[in-house]
Amino acid sequence: SAAPVAARGGRAGVLIVGAGRAGWQTAEALRAIDATLPITLVTQCTGDVYDKPLLSVAMARRLDHSTLVKEPGAVAAARLGVRLLAHTQAVRICTDTRTLRTTRGNLRYDHLVLAHGARAALPEALPAALCWRINHLGAYQQMLARLGDAPKDVLIVGAGLIGSELANDLALGGHRITLIDALTEPLARWREQGAGAQLLDAWKDLSIRFVGGVQVAGLDAVAGRYRLSTACGQRFAADQVIVSAGLQTPTRLAQSAQLAWHNGICVSAHNLRTSAERIHALGDCIAIGGQPSRYIEPIARQARAIAADICGATPAPYVPRAAVVRVKTTSRPLTLH
């Protein structure tokens, strides 16, 4: 059964905020070192264990909820002896009392690990109520339900990694895609490796229209559909609009603990400690030397470094290295550096 909540005066143990890959990997790494350490995991969602990168290829691979979820949150918690507080929002860190305020009361901690990730950014010109941001399983399922089975016109704003993968996937799923970006080609960050040109070539046989070099100016709901206007006066109509304009790290929790910040929560590279005592962080919410860590590969190594540091075990120093990015555009998979 799940570990009981620490009694007053007992060990508060480790409190983890976030039940994405970073949160669960941290719980696994801690449990591998200490079988009795009290671990509490707080998350806004259900806490189900799934591979977020698969969301942008799920339609072409015909993956549904049952195949995307590897392990329900409650099952993972029972297996690891973790207390899981699902549908719970972390509100404020009080470092002087080592307490986390949540929407379900105050939780004490001996060590706090921030694994709450980053949220999808929303350009100022776009109202949140009129467009999708696909950054977790729940939003993806809601969008699919809204799309339904008949082919739809889908407009995707942002042709980076996720936007390009989603465009490819939804086109293979039978939808008509318009993909727009401020830059003149998809995957422009990897222009030197010819990524955009390869994608555009692969998309010639798919219903994907790419429009580059445009700035979004506004989005309106018109007669059950959506109309997006650009700064240069173009207009695009669509049944659904998806925004994939990068990630933003939420600041509220970090500010409440006065954590050092530079493009994310500043952590020391080797042990992922923040500037506050007894608080570590990992995954999408951190930055090392001002450089965010936004890829999947480093997370397991970060979690092992944190677990060793918290448990006083043999150090497992984390070493940042350049990410290898696999673009899951099934029409033309790419490996970029």
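This note comments on the predicted model shown above, in numbered points.

1. Basis of the note. The model is predicted, so local features need pLDDT of at least 70 and side-chain atom pairs count only at pLDDT 80 or more, while totals for chains, interfaces and linings use all residues. Residues are numbered from 1 along each chain as its sequence is written, and side-chain values use heavy atoms, with hydrogens and water left out.

2. Secondary structure. The protein chain contains eight helices and 24 strands. These are DSSP runs numbered from the N terminus: helices are H or I with at least four residues, and strands are E with at least two.

3. Overall dimensions. Along the principal axes, the C-alpha atoms fill a box of roughly 65 × 40 × 35 Å.

4. Of the 337 residues, 49% are buried. Buried means under 20% relative accessible area, exposed over 50%, and partly exposed in between, with a 1.4 Å probe and protein chains only. Among contacts with a separation of 6 or more, 62% join residues 24 or more positions apart; a contact means heavy atoms within 4.5 Å.

5. Nonpolar cores. A nonpolar core is a set of buried Ala, Val, Leu, Ile, Met, Phe, Trp, Tyr and Cys residues joined through side-chain atoms within 4.5 Å. The largest has 50 residues, and those with the most contacts inside it are Ile16, Trp24, Ile93, Leu114, Ile279 and Leu282. Helix α8 (residues 298-311) supplies the largest share of this core, six residues. A second, separate core of 35 residues includes Leu55, Leu166, Trp190 and Leu336. Beyond residues up to four places away in sequence, the partners that Leu282 touches include Ala22, Leu114, Leu272, Ile299 and Ile306.

6. Two loop residues. Is threonine 43 buried or exposed? Threonine 43 is buried, with a relative accessible area of 5%. This residue lies in the loop between β2 (39-42) and β3 (49-50). Leaving aside residues up to four places away in sequence, Threonine 43 touches Ala19, Leu84, Leu85, Ala86, His87 and Thr88. Alanine 245, in the loop between β17 (240-243) and β18 (247-248), is partly exposed at 37% relative accessibility. With the sequence neighbours up to four places away not counted, alanine 245 touches Ala121, Pro123 and Val157.
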